[in-house]
Each structure stands twice: as C-alpha cells, then as structure tokens.
Number of protein chains: 2
Amino acid sequence: MSTLTQEKLAQAVELVQASDADVWLTFVRETAATTDPVLPLIHEGGFTWHCALLVARDGRKVAIVGNYDADPLEQSGDWHQVLTYVQGIRETLLSALEELIHSEVERPRIAVNFSESDPLADGLTHGMLRTLSGYLAGSRFQDSLCSAEGIVMSLRGRKSPTELARIRAAVAETGRLFECVQREVRIGHSELEVYQLLQAEIDRCGMGYAWDRSLCPIVNTGPDSAEGHSQPSADLRIAPGHLFHIDLGVTLDGYSSDLQRCWYVPQPGETAPPEVLLRALAAVNGAISAAAAALRPGVPGWEVDRAAREYIIAAGYPEYLHAVGHQVGRIAHDGGGVLAPRWERYGRTPELPVEADQVYTLELGVEVKGCGYLSLEEMVRVTESGVEWLSQRQLELPLLG
Amino acid sequence: MSTLTQEKLAQAVELVQASDADVWLTFVRETAATTDPVLPLIHEGGFTWHCALLVARDGRKVAIVGNYDADPLEQSGDWHQVLTYVQGIRETLLSALEELIHSEVERPRIAVNFSESDPLADGLTHGMLRTLSGYLAGSRFQDSLCSAEGIVMSLRGRKSPTELARIRAAVAETGRLFECVQREVRIGHSELEVYQLLQAEIDRCGMGYAWDRSLCPIVNTGPDSAEGHSQPSADLRIAPGHLFHIDLGVTLDGYSSDLQRCWYVPQPGETAPPEVLLRALAAVNGAISAAAAALRPGVPGWEVDRAAREYIIAAGYPEYLHAVGHQVGRIAHDGGGVLAPRWERYGRTPELPVEADQVYTLELGVEVKGCGYLSLEEMVRVTESGVEWLSQRQLELPLLG
C-alpha cells in the first residue's frame, strides 16, 4: 500500500461524503494512450481494458478491471473489492453500482470526471462518456451522471503530507539547477546551449519535466527573445546589457516545481544592474507581495490576481497577459482554481475559493526596453491564514557572465 | 519543419478529402495534463491554452493558439496560418471555420476526435466537447460536430517511411535487450531483479517504455507467476524446470516495439526442453503463422484472430483470453483496428478492415502445467499482399541459466 494513494483515497472518501454524489467513478482504458490525470492520485500504474474505480459515500472502494489488469490493484491493498471481467465490463459495473447505491436512493448521482473549466478534472474522454451512457441506458442510473469537478479539484488541490514533501524536494532541486546556471553560464552562450545544459543535468539526475520537455526550460536572453512558451534560439547569444531569464519546472517522484529567475549581464565596467532594471525588479516583487498578501483560504482567485495587476499598473507598467498564479502539483499547471482575471479562457476557475494546503505559483514580468524580459515566479503553500513561501524569493538581480 | 509532421499532415489532407468532413479539428488545452494522442503526429510539442488545429478539405492548415503558444507552431512551417488570441479562442475559431467552410455548404461537417471503439482516436475530453458545442451554438455549425474516428484511425495506422524506420529501430533495440537477458540472467534471479536489470539498461540508453513503466517489462518465471499485466515478484526466483517469459516494449524517437520471448531453465542433466514444451511452442508458432497467413489488406481483424484461435484449439490447447494482435506505433497498443474476437470490450475494432502499412503484433500463449507460461509475440508490417516480419521470429526455445 502506497502512503500517497492511501492519503489521497482517504481524502476522496471525505470529499464524496461532502458532495451530493453517491459514487465517484473514474472510468479509463488504455491509460498509456489517454489517461485521466486523476488516476495517479488513486492508483499507481495503468490499465489496458475498460477500468472503473468507484468510491462510494459509505467509504467502500471497488475496482473493476479486465482479467489481466487485476494484479497491481490487488497488490495495492487500497481497494475493498477488485472485480474482474473477460469479455466486457458492462454487467459487472452495473451490479457494482446496484450494490453501492442503495435501491431507496431516489435520484442516484454518479460523479464522473468532466469539467469545462479545469483540464485536470476533465479526464473522461467523450467516447468513454458515450460508452458509459450506453451502459446505463434503461437502468435506474440512466440520468445519474454528473460532473465530479468539485471532488477532483479539491482532491488534487489539497496537498497531503507526502505530496508536500515531494514538492519541497522538487523546489530544492530547481534551486540547485539555478545555482548551476549562475556557476556555468557565460557571455556567448546561446539560449539553446543553456537549455541543453539544464536538460542534460535534469536527465543525469533522473528527474522529469513539469511541462512539455521541448519547451522546458524556457530560456530568454536580451530584448530580441520571444516572451512566452517559446523554443530556445540557437542564434540569440548572451551579451553584455542583456536581461537573462529562465522559466524552469522539474518533476521528482511525480511532483513538480515551477520557478522563474532573472540575471543581468553587465556591460564592461558595470558592477550593478542599471537603475531601470532595479525599478522593474521592485515593481515585479511588489506585485508578487501584493498577491501573496491577498492569498488565503476562502478568497476567489481573481481577487489575488487583481491585487498584483493593480499594483503593477499603478507602478507604471503594462499589465501581464496571463494569470498571476496557478496551482502546482504533479505537473506545473495542476488545474483547479487559478489566480486569474475573469477572462473567457480561464472559464470559471478564477471564481473558485482558495483552499488551505493548495500550492500556487506567484508570477509576473515586465518587458524592459533594450534589456529583455524581467519576470519572476515563486511558489507558496496556502496556510490557514495566509501563505508559506516554498521558494526562496528572488529579491535581487544577480550578475551573470 | 519536421519530416514526420510533414508526412503525417500530408496524409491528413488526403484522409479529410476521402472523408465526408469539411474540416478536421483537433481541440486541446494543457496538453501536459490531458493530451490528445493524435497531437504528436501533427505537431511536436504541447499547448497551454485552448488550441484548435484545423485541416480543411482544400488542404489549408490553420492553427489557433493562445498568445504565448504561437512560436513553436510558426517555427514548424507546417501551418498556412497561425492565429493567436489573448482572452478566449471562441471568436477566432468561429471566423476561421467561416473562412475554411464555404458558406454554400449546406450541412457542414466538423470532424472531432472522439470514438467509443478506439482509445487512440478518442482524445477529445467530454469537457472540451461541451465547450466546443457551446461555442458553435447559434452559429451555422451548431449541428456540425461528428466523429473523426475514420480519419484518425487511418492516420495513425498507415505508417509513413519515417515512422516505419523508427519502429524498426525500436524492434532492433528490443532484440538487443533479449540478448542481454540470455547473457546475464541466471538461476536464482527473482522476477523483480530481471525487471530492474532491463529497466536500468533501458534508462541508460535513454529509451522510453511502450506502456506503463511500472508494468514494463512483464517478467514471469515458473508455474506460480501471475499471467497478464502483473508486477514482477521479489519472491519468485528462476529455478530449474521453469519456463521463463518476458513481454517487453521500448520507445525510441517516439516509436515503439512490443515483443514476447520465452526461455527454458533446464533441470540438472537436461540438454533440451522437455517434449511437452516443444509441442506447446509448435502450437503457438503454428497459430501465429495461421494469423500471419490470414493478414492482408481488406480483411477484418476478427478473421485474423479466428485463424489463430481455431488453430490453437485444434491443437488441443485452451483459447487465449485476448486479441491475437494489435497495432503498434507511438505506443504498444496503438489503437485502430484490432485482430480481436468480436467481444464487447473490443467495440467495433475487430470489424475494421486491415490496411497496408499498418504494423501489428501477432501474439498468444499457453499455460504449460508445472512449467509456466509459454507465450510469444512478433511484429509484422502489412504489405499490399501479406506481411513483412519486423521481428526475427522465435522458433526455438533457448536454454537459460
């Protein structure tokens, strides 16, 4: 029995009890191809054939899998029952639902993993939803499917002790990688060379990437580099007068970091960054502090974003074109509530109230004309009354080269 | 421009033209969390915000992405247009569809990636389908969404020259790993030790796993080992009289192998496997040959399975409880048509006609009482008239230990 799945399944039972669902159903197949992002929280490993993982209001946990998939579930010790089938899952699934949802329940509700707002609570594919609807047609569960968005968002968001320990370890390793940049990166290196240097070190240590490997880390040097999720350039080379910026997230034991750091590459004779950069640094840090001050349980995410957005505008800079923070967990963008403005692309995620033990980034940047992109990203855990900083804040602008 | 995405997008245009769709739309977001398995065929890398990749009947290819995601798409050179948005994708998507689908088309059809039968053609989540339906509501595309199953199945199935070369390389590396087993594995090693030995070698070479790492390779020694997708045991150790069996798939440059091999561990004094094992080996190989003889373009998969199933039953063995073959590509179970019996869990995939340039496994096994699980798995490419063997067939049962 893994401590992690044990902790998360205990949370899941509580969340189902606090919801209006009778059963929470995770329905997957061929997970090597299309996995539900919630799966690794409740089971270590994958499945080939249709698999139904059920958590009921009364705490019973039942797994239904194809005949060759049963062994890891049984070994885990996490499930009260592991049922198997050979030709098809339909009948076994229907009788398990009959068993788990008392026949006197008038309007049974089966929560499944779809969500328009939260990609991480949206693991059920449309084809699988259709299959499931077909199975339930004509049974008393015909109209029972509903969204498990609330259950999955909280399950993913509220980090358990094991999850927090792993995130702390990923943050520490990222700090070590930034030290490696400070030590080894020099004037004349291209963005691509720094990217390759960091990837080589990440691979050597057996770590993974908190987002798509081809875009991790993001490396920007100087004013001509493309801001955003861009690929490192082989032509842009670190030169005096540049702002040098890295956005990096690593994964260790399945949990991630996501941090941004900046350096200044001095001109001959310079011993400190120019005033214009120090002003930008102070503005960015002030906005991050404003967001942190607004961040506590119960507050909707957009209020936290607004605090930072108003700060940076008042400081005379243009507003950033993204959210001031997102949750971090198994991956960098870990879903659930976002500290975002109420823009269409964020759906209803900016409205969600912050919960204790969620982990967020706080991040924003400004373009400094002629120098480059000054952007910082820190990580915090939400406590009962505020935040705990998981990263060591960058309050100064070190020299590089 | 990558040769691979170039080859696959050229195929995609042909497949859209041969379908009844006006546009094929791949609609994804936060692909680090929930990616559509078709995405790596048409773009290298991932996306953060809602992204729409459109291939039209007339061959135009248009990508719509959030402002920070545009750079890799533009760099790729694969898309005629890369459109960006800041707050939400809806308007840009609707006007691109207006542009791509002539206003005189009476019943416009937009094919999207859902499928009940094929997990690899089922990358659209239910939440994303709902979002998309919401965008189209009230427009002339309101009832236009249909399944892209046929397009995606053929796109994935018909291996391009670059894809075939990568699969051949993965098969060759797997052969090298089996040689490593022959050379290094000895009596007394546990299943877990062999699994760790192979994983260390796979990791050292920078290869990936063709299915879930925790279950790859599958290692079975002797009659007490759990057949199927089971975890290796630390207690079961290789001993004289055992059948020793490995099911292994590696991924190299994004393409996979999936092969099974068996060995016999001789008793003191034995210089060849006992007769009962040689009979089982011949039956298994005869069934694989029967499947290969039935496999050619146009034949439905179930007929291929039936050829092997009838052979093994006629040889006096129980039938295997799985399909005799599946396609292999980016992952071991690569979707599309399956060489399977017409069981519920296979949906309509056994009915699909085999196409040239698909790559299949041919695999089955029998339990040999007191010895273990004798199961083989080969890989073939479908040619215009039959098959080309991609793996070197295992026709003998080598001794191990």
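**Close-up views of a predicted model**

**View 1. An arginine over a tryptophan in chain B.** B:Arg342 lies over the face of B:Trp302, 3.6 Å from the ring centre. A charge sits over a ring if NZ of Lys or CZ of Arg is within 6 Å of the ring centre and within 35 degrees of the ring normal. This is a predicted model: local features need pLDDT of at least 70, side-chain atom pairs count only at pLDDT 80 or more, and totals for chains, interfaces and linings use all residues. Residues are numbered from 1 along each chain as its sequence is written, chains are lettered from A and ligands numbered from 1 in the order in which they are written, and side-chain values use heavy atoms, with hydrogens and water left out.

**View 2. A charge over a tyrosine in chain A.** The ring of A:Tyr320 has the charged end of A:Arg309 over it, 4.0 Å from the ring centre.

**View 3. A tilted ring pair in chain A.** The whole structure holds 10 aromatic pairs over all chains. In the pair of A:Phe178 and A:Trp263, the ring centres are 6.1 Å apart and the planes meet at 55°, so the pair is tilted. Rings of Phe, Tyr and Trp (its six-membered ring) pair if their centres lie within 6.5 Å; planes under 30 degrees apart count as stacked, over 60 as edge-to-face and the rest as tilted. The pair links distant parts of the chain, 85 residues apart: A:Phe178 is in helix α7 (residues 161-184) and A:Trp263 in strand β12 (residues 259-264). Helices (H or I, at least four residues) and strands (E, at least two) are DSSP runs, numbered from the N terminus. Both A:Phe178 and A:Trp263 are buried. Buried means under 20% relative accessible area, exposed over 50%, partly exposed in between (1.4 Å probe, protein chains only). Ring pairs join A:Phe178, A:Phe244 and A:Trp263 in a cluster.

**View 4. A tilted ring pair in chain B.** B:Trp49 and B:Tyr68 have ring centres 5.8 Å apart and planes at 35°, so this pair is tilted. B:Trp49 is buried, at 9% relative accessible area. B:Tyr68 is buried too, at 10%.

**View 5. Helix α7 of chain A.** Buried residues in α7(A) include A:Leu164, A:Ile167, A:Val171 and A:Phe178.

**View 6. A loop glycine in chain A.** A:Gly370 is in the loop between β13 (359-368) and β14 (372-382). A:Gly370 is exposed, with a relative accessible area of 54%.
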